[in-house]
Amino acid sequence: EEVVKSTSDDATDGRVALDIETIQTVKESELDLSNSNHLELLCIGVGYQPSPGVPVEADVLFRENSSPAAELDLINELCEWLETRNGTTLLTYNGEFDLGHIRARAELACKAAPQGNEATIQRVEDLFGQLTHDDLKRPGFSLESVADVPETHWDIYNHGMNPTEWRRNQKELGNFDEDRPLDDPAVSGSDIPYFGQQLLTSTEGSPEHRSLHEMVYRYAISDVEPLFKL
C-alpha cells in the first residue's frame, strides 16, 4: 500500500520534471540534434509533485515569438517555475539532451539578444546545480515504449497543416520509420519543429494559432506526467 507523506516532508521529497520541445534552424538534411546551433527552444513541459502520492502539477511554458529575447524569457520563466516549487530531484527522460540544450541555448540567445543578460546563464547553472538529476532513460527504449504516454493526433485540430509533406523528406533521409504510414495521425517529436515554427509565426488569437498551441501543449505535457510514475 502506498503511503502518502505529509506536507512537512515536501522539502525533502519534492520532485520536479522537465522536457523540452524545439524548432530547427537548419534544413532537415543538415540537422545534428546534438548541435545547439541547429535547435532553438519552442516550449518546455514542466511538472511538480510535492511528495509521493500527491497529484502532479503539470504545465507547458511557451516561447512567445521567434526572437532571441523571447527564448531568453522562456528560459527565465522555466527557472522561476522550478525555483518556486520545493523540488530537490529533477526527473527527465534522456535529460542530458534537455539540460545540455537549455544551458547552450541560454548562452547563444544571450549573445544574440539586443539586451541579453548573462545573469540568465548563471541562473540556469545555479538551478541545475541545486537539483539532484534523476534521468529515467532506459538505453535503447523510447519513453513511449516504457510508459503510458497518450497520443496526440494532429488531424483533429484546425491548423491546416499536413505532416506528410515533411515526413516524406524525412523518410528519404532515413529519419522516418519505414513501417509507419506518412499520414499517421499521431504527432511525433520530429513533427514538432514544423508545427512549432508555424505556431511562432501565426497570428495570436487566430484559429490556426489556438489549434497549434493546444496541440503542442497536449503533446508536450504528455511527455512530462508519465515521468512521475516511472
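How many salt bridges does the count come to? The count comes to 10 salt bridges, a salt bridge being a side-chain nitrogen of Lys or Arg within 4 Å of a carboxyl oxygen of Asp or Glu. Please keep in mind that this is a predicted model, where local features need pLDDT of at least 70, side-chain atom pairs count only at pLDDT 80 or more, and totals for chains, interfaces and linings use all residues. Residues are numbered from 1 along each chain as its sequence is written, and side-chain values use heavy atoms, with hydrogens and water left out.

**View 1. E40 and its two arginine partners.** In this close-up, R63 and E40 join their side chains in a salt bridge, 2.9 Å from N to O. R63 sits in the loop between β3 (57-62) and α2 (68-83) while E40 belongs to strand β2 (residues 39-49), so the pair ties together parts 23 residues apart in sequence. (Helices, H or I of at least four residues, and strands, E of at least two, are DSSP runs numbered from the N terminus.) Both R63 and E40 are buried; buried means under 20% relative accessible area, exposed over 50%, and partly exposed in between, with a 1.4 Å probe and protein chains only. E40 also forms a salt bridge with R105, their closest N and O atoms being 3.8 Å apart. Because R105 lies in helix α3 (residues 95-112) and E40 in strand β2, this pair links parts that are 65 residues apart in sequence. R105 counts as buried, at 7% relative accessibility.

**View 2. A salt bridge between two helices.** Here R123 and E83 form a salt bridge, with the closest N and O atoms 2.8 Å apart. R123 is in helix α4 (residues 119-130) and E83 in helix α2, so parts 40 residues apart in sequence are tied together. R123 is partly exposed at 26% relative accessibility, and E83 is partly exposed too, with a relative accessible area of 40%. As for networks, salt bridges that share partners join E40, R63, E71 and R105 into one.

**View 3. The largest pocket.** This pocket has a volume of about 820 Å³. Of its 25 lining residues, those closest to the centre are L33, F97, G189, S190 and Y219. On a 1 Å grid over the protein atoms alone, a pocket is an open set of points where a 1.4 Å probe fits, with protein on both sides within 12 Å along at least five of seven lines, and lining residues have an atom within 4 Å of a point. The volume is the space filled by probe spheres set on the points, which are joined across faces, edges and corners. β1 gives the largest share of the lining, 5 residues.

**View 4. The open sheet.** Five strands form an open sheet in the order β3-β2-β1-β4-β5, with mixed pairing; two strands pair if DSSP finds at least two bridges between them. β3 and β5 (132-135) stand at the edges with a single partner strand each, so one side of each has no neighbour in the sheet. Strand β4 (residues 89-92) pairs with β5 in the parallel sense over 4 bridges. L91 has D134 in β5 as its bridge partner.

**View 5. N94, a residue with positive phi.** N94 lies in the loop between β4 and α3. Its phi is near 65°, a positive value in a residue other than glycine. Most residues other than glycine have a negative phi. N94 is partly exposed, with a relative accessible area of 34%.
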